[in-house]
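Okay everyone, thanks for coming. Let's have a look at this one together.

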Amino acid sequence: MVPRADDHQAAPIRLADEPTGALNRAMSDEVLDALSDLHADGTTLVMVTHDAKAACRADRVLYLADGQVLDSLRLGLWAPQDTGAREDALTDWLRGLGF
């Protein structure tokens, strides 16, 4: 389910737990686009995912294990033309963490 802000109430933080987990790639892209639009409108998103393509859309990625933040990667604002470089940076970072 894609979180939506009520027209009369802006929610500063939205949680998305595996928002693309059971979706095909086309629908995943639509959901990620909708989340990107929410973020562009000023909403803070906290997304939990095992999907590297979803994670590379984030400004910042946290690596958690056993309830602890082990490391973080700052990717900056997402732009479609940067997708390949962001995926490479995320993959290299995860490999360095032994993932």
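Helices (H or I, at least four residues) and strands (E, at least two) here are DSSP runs, numbered from the N terminus. Before I go on: this is a predicted model, where local features need pLDDT of at least 70, side-chain atom pairs count only at pLDDT 80 or more, and totals for chains, interfaces and linings use all residues. Residues are numbered from 1 along each chain as its sequence is written, and side-chain values use heavy atoms, with hydrogens and water left out.

Back to Glu18: its phi is near 50°, a positive value in a residue other than glycine. Glu18 is partly exposed, at 27% relative accessibility; buried means under 20% relative accessible area, exposed over 50%, partly exposed in between, with a 1.4 Å probe and protein chains only.

Asp66, in the loop between S3 and strand S4 (68-74), has a positive phi too, near 55°. Asp66 is exposed, with a relative accessible area of 79%.

Now, which residues make up the largest nonpolar core? There are 10 in all, including Ala55, Tyr63, Leu90 and Trp93. A nonpolar core is a set of buried Ala, Val, Leu, Ile, Met, Phe, Trp, Tyr and Cys residues joined through side-chain atoms within 4.5 Å. Strand S3 (60-65) and helix H3 (83-96) each give two or more residues to this core, and H3 has the largest share, with 3. There's also a second, separate core of 5 residues, with Val31, Leu32, Leu38 and Ala54 among them.
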